Amino acid sequence: SQVSLEEESQNPPAVGLWKPLMPSKGDKEEPEGGCQDAGGVHEAQSTEQLNVSRLRSSSVEIREKGSEFLRDELHKAQKELKLKDKECERLSKVREQLEQELEELTASLFEEAHKMVREANTKQAAAEKQLREARGKIDMLQAEVTALKTLVITSTPSSPNRELHPQLQSPSKGGFRKGHGRNKSTSSAMVSAASQNVAPEPVSRECREVDSILFAEFQAWKESPTLDKSCSFLDRIYREDVGPCLDFTKQELSELVRVAVEQNTLTIEPVAFQAVPVGKVAAEECGGPKKCALSGLPRTCKHRIMLGDSGNYYYISPSCRARITAVCNFFTYIRYIQQGLVRQDVELMYWEVMRLRREMSLAKLGFYPSEM
């Protein structure tokens with residue numbers, strides 16, 4: 001190898017001992033032979049020096065070739081390192097691109113999931129709303145069936161029910177009954193059943209005149225019927241009739257009754273017709289058969305009300321019942337107009353509204369049929 005050659009070049013081989021050029025005293029007899037030996041030594045020395053120079057030149061040559069080989073290997077290693085650096089850079093870019101695509105995919109998946117959840121919540125809310133409306137319609141139909149049963153029961157040959165026998169009605173009321181035969185409020189049907197048993201009063205001819213302001217407000221409301229009390233037509237009736245008619249001594253309960261009447265969720269039941277199921281705890285009953293829950297006065301209460309689906313019953317006196325049913329009749333009629341169920345002339349509808357307002361005013365003043 002190169003190292004061994006360098007060591008050999010640094011440590012040349014040992015040369016034989018130099019013999020003295022001059023003959024010694026003991027060698028006087030052979031002078032010629034000594035000269036010949038000296039010449040051989042010189043030749044050997046020159047040969048050895050030549051070999052050493054050759055070795056040195058060969059070691060330099062080997063060293064140069066080794067350096068050149070190492071340089072070539074270094075260049076190759078540097079090229080490979082550059083290629084690996086480029087490959088690492090490419091792989092890092094691919095990794096960054098994959099991470100970015102993964103983040104975008106995750107974000108889009110989360111957005112899609114949130115969108116699906118929102119749509120599911122919206123559909124669920126719509127389904128729940130439809131279910132509540134369906135249940136409300138079922139309750140309304142059940143109330144109408146109960147009211148019709150009450151009408152049939154109260155009709156006898158001696159005292160026929162005018163709802164079941166239109167031919168007994170007066171001409172002034174017949175037109176309205178055709179468009180108002182279907183009542184959503186149980187209380188309205190029951191008050192009709194009770195009011196028909198009253199002995200007919202002598203027919204008196206009354207004069208009436210259309211108020212231009214009230215009629216104009218009603219016509220404006222009729223063009224776009226709504227239950228929003230911000231319009232001038234309903235705002236006046238709220239202030240002049242509905243508000244005073246539902247203003248009872250118990251203010252908190254009065255407000256709940258007003259809201260239930262507006263939302264058409266109030267139920268009036270005769271006390272005698274209700275029996276508590278065996279093994280069931282009776283619902284909370286406010287007031288009592290001898291005390292009105294709205295006025296707080298000791299009165300004989302033949303009916304009780306329930307607000308919505310709360311299950312709480314409140315006993316009410318006949319006067320309070322007359323006031324509530326008068327308001328219920330008004331709201332029932334304007335709902336029928338809003339739904340397009342009343343097929344009458346505008347003036348006839350106006351006079352029916354005025355009649356319902358008169359009933360609310362009379363009920364507020366304390367006038368009600370004795371059968372209540």
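**View 1. Salt bridges join Glu217, Arg236, Glu240, Asp241 and Arg357 in a network.** A salt bridge here is a side-chain nitrogen of Lys or Arg within 4 Å of a carboxyl oxygen of Asp or Glu. This is a predicted model, where local features need pLDDT of at least 70, side-chain atom pairs count only at pLDDT 80 or more, and totals for chains, interfaces and linings use all residues. Residues are numbered from 1 along each chain as its sequence is written, and side-chain values use heavy atoms, with hydrogens and water left out.

**View 2. Glu217 meets Arg236 in a salt bridge, 2.9 Å from N to O.** Glu217 belongs to helix H5 (residues 212-223) and Arg236 to helix H6 (residues 232-245), so the pair ties together parts that are 19 residues apart in sequence. Helices are DSSP runs (H or I, at least four residues), numbered from the N terminus. Both Glu217 and Arg236 are buried. Buried means under 20% relative accessible area, exposed over 50%, and partly exposed in between (1.4 Å probe, protein chains only).

View 3. Asp235 is partly exposed, at 29% relative accessibility, while Arg239 is exposed, at 51%.

**View 4. Arg90 forms a salt bridge with Glu87.** Here the closest N and O atoms are 2.4 Å apart. Both residues lie in helix H2, 3 residues apart. Arg90 is partly exposed at 45%, and so is Glu87 at 35%.

Definitions and conventions
Helix = DSSP H or I, 4+ residues; strand = E, 2+ residues; numbered from the N terminus.
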